[in-house]
Amino acid sequence: MEKQQNLKLIIHAKRLTAKDIPEVLNLLNTSDAAKNAGLKLMGNSTVQRWALNNWLTDDELYGIFDDQKLIGIIAIFGNDNDGELGYFIEPDYQNRHIMTRMLSKVLQRTDYQTLFAQTTIDNRASQRVLENNHFQKENVELTSVQYRWIND
């Protein structure tokens with residue numbers, strides 16, 4: 001994907017492959033942002049590698065990189081033509097519009113016809129990321145907001 005210049009950072013997103021597994025495991029196991037997004041891997045390292053290999057095979061996983069350093073993940077977990085979107089970025093990179101731009105690039109490449117996303121009611125930054133990428137608010141509940149995106 002194309003590189004983005006932002007405050008002297010070279011940010012880009014790319015589809016993750018098996019060679020990225022060690023770096024992804026490290027990020028998922030050490031990042032508070034990943035844990036807050038609900039992306040915590042359970043089990044021993046063998047089980048974690050197995051889970052990641054399945055994600056890489058069955059779903060769309062993209063890494064967000066600052067040069068060569070993995071700083072975030074965009075994941076689309078699918079069934080048939082629909083997918084569920086999840087994402088996170090390390091706190092030092094938040095509030096710089098990086099996730100909005102990287103998600104836009106991923107949406108241009110996905111084959112899914114419909115994506116669903118959910119965020120907590122108080123996570124206004126994540127809601128803006130979705131709204132800036134043409135997700136439509138579907139439902140507002142006491143603790144969460146659900147969104148839907150349709151691939152035109």
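Two strands are taken to pair if DSSP finds at least two bridges between them, and helices (H or I, at least four residues) and strands (E, at least two) are themselves DSSP runs, numbered from the N terminus. The structure discussed here is a predicted model, in which local features need pLDDT of at least 70 and side-chain atom pairs count only at pLDDT 80 or more, while totals for chains, interfaces and linings use all residues. Residues are numbered from 1 along each chain as its sequence is written, and side-chain values use heavy atoms, with hydrogens and water left out.

**The E7–E8 hairpin**

Strand E7 (residues 136–140) runs antiparallel to E8 and is joined to E8 by four bridges. The two strands form a hairpin with three residues between them, and within this pairing lysine 137 stands opposite tyrosine 147 of E8.

Threonine 119 itself belongs to strand E6.

**The nonpolar cores**

A nonpolar core is a set of buried Ala, Val, Leu, Ile, Met, Phe, Trp, Tyr and Cys residues joined through side-chain atoms within 4.5 Å; buried means under 20% relative accessible area, exposed over 50%, and partly exposed in between, with a 1.4 Å probe and protein chains only. The largest such core holds 26 residues, of which Ile64, Ile74, Leu85, Leu103, Leu130 and Phe135 touch the most other members. At least two residues of this core come from each of several elements, including strand E3 (60–66), strand E4 (69–79), strand E5 (82–89), helix H4 (98–109) and helix H5 (124–132). H4 gives the most, with six residues.

Leucine 85 contacts Ile74, Ala75, Ile76, Leu103, Phe116, Ala117, Leu130 and Phe135, again leaving aside its neighbours within four places in sequence.

**Packing of H4 against H5**

Two packed helices are described by the angle between their axes and the distance between the axes. The axes of H4 and H5, taken as lines fitted to C-alpha atoms over the stretch in contact, with angles running from 0 to 180 degrees between N-to-C directions, come within 9 Å and cross at roughly 35 degrees. On the H4 side the contact is made by Met99, Thr100 and Leu103, and on the H5 side by Val129, Leu130 and Asn132.

**Individual residues**

| Residue | Relative accessible area | Class |
|---|---|---|
| Asparagine 95 | 68% | exposed |
| Histidine 134 | 61% | exposed |
| Arginine 15 | 42% | partly exposed |
| Threonine 119 | 6% | buried |

Asparagine 95, in the loop between E5 and H4, has a positive phi of about 60 degrees although it is not a glycine. Histidine 134, placed in the loop between H5 and E7, has a positive phi of about 70 degrees and is likewise not a glycine.

Arginine 15 lies in strand E2 and, not counting residues up to four places away in sequence, touches Asp20, Asp59, Glu60, Leu61 and Tyr62. Arginine 15 and valine 106 are 91 residues apart in sequence, yet their C-alpha atoms are 8.9 Å apart in space.

Definitions and conventions:
Contact = heavy atoms within 4.5 Å.
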